[in-house]
Amino acid sequence: MTRPITILMNEHRLIEKALGSLETCVVEIEGGLSFERAFARDYAEFLRGYADAWHHGKEEDILFRRMVERGFSTEAGPVAVMLAEHRQGRAFVSAIHGAGLGTGEVTSAEKSAFLTGARGFIPLLREHIQKEDNILYPMSERVLTPAEFETMLSEFEEFERKAGADGTRDGLEALAARLAGAFRPDEARMAAGTPAGCWSRG
Ligand SMILES: [Fe+2]
Ligand SMILES: [Fe+2]
């Protein structure tokens, strides 16, 4: 496997751990735990900073862009589906983020925004990750040349230098670890997750 794809897949594993943690948080709230705005703030911070800016940033600005240069459409087909799912995911994460912004007594609307956002986001991103790991990334390795992956690796490094200059990445990885400690991902639920999907949303 090429180095850039290995990097992206490793990031998927951390994102899945955070999704597992978020799922446990949802299950506990459904079971009677009081919703706290800090939950929404923390998960939104990780999902925005790591899953979206750090990971989807590299996919969109570097890997997908190169696939588009090689003829993949942004209107239909696998890259288009991935881009559409990133956008769909952002809407769910916005709901989670919004649930953490208020002050004063927590409202039931905030709690339900958090639960709705999380319940929408978790399966969406799990399936999305499966599609990338099993279909889109292998496809990119068949289509792009080793030289292109070499260039991409430098672009990843440049991207990470800029995006991670302030220690963002370490902070977000620590946040994921803290969340996974507070709400432990349930391995059985995660494994039951979602089978490799089809391109149904294309
Ligand atoms: Fe993606
Ligand atoms: Fe991804």
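A nonpolar core is taken here as a set of buried Ala, Val, Leu, Ile, Met, Phe, Trp, Tyr and Cys residues joined through C-beta atoms within 7 Å, a residue being buried if 20 or more other C-beta atoms, placed from the backbone, lie within 10 Å of its own. The model is predicted, with local features needing pLDDT of at least 70 and side-chain atom pairs counting only at pLDDT 80 or more, whereas totals for chains, interfaces and linings use all residues. Residues are numbered from 1 along each chain as its sequence is written, and chains are lettered from A and ligands numbered from 1 in the order in which they are written.

In the largest nonpolar core, which holds 30 residues, the members touching the most others are L22, Y43, F46, I96 and F114. Two or more residues of this core are given by each of α1 (3–30), α2, α3 (78–98), α4 (108–143) and α6 (168–182), helices being DSSP runs of H or I with at least four residues, numbered from the N terminus; α2 provides the largest share, 9 residues.

Helix α2 (residues 37–69) also meets helix α5 (residues 146–163), their axes coming within 10 Å and crossing at roughly 150°, where axes are lines fitted to C-alpha atoms over the stretch in contact and angles run from 0 to 180 degrees between N-to-C directions. Within α2 lies K58, which counts as buried because 21 C-beta neighbours fall inside 10 Å. The C-alpha atoms of K58 and E155 are separated by 8.7 Å, although these residues stand 97 residues apart along the chain.

Conventions
Buried ≥ 20, exposed ≤ 12 C-beta atoms within 10 Å, placed from the backbone.
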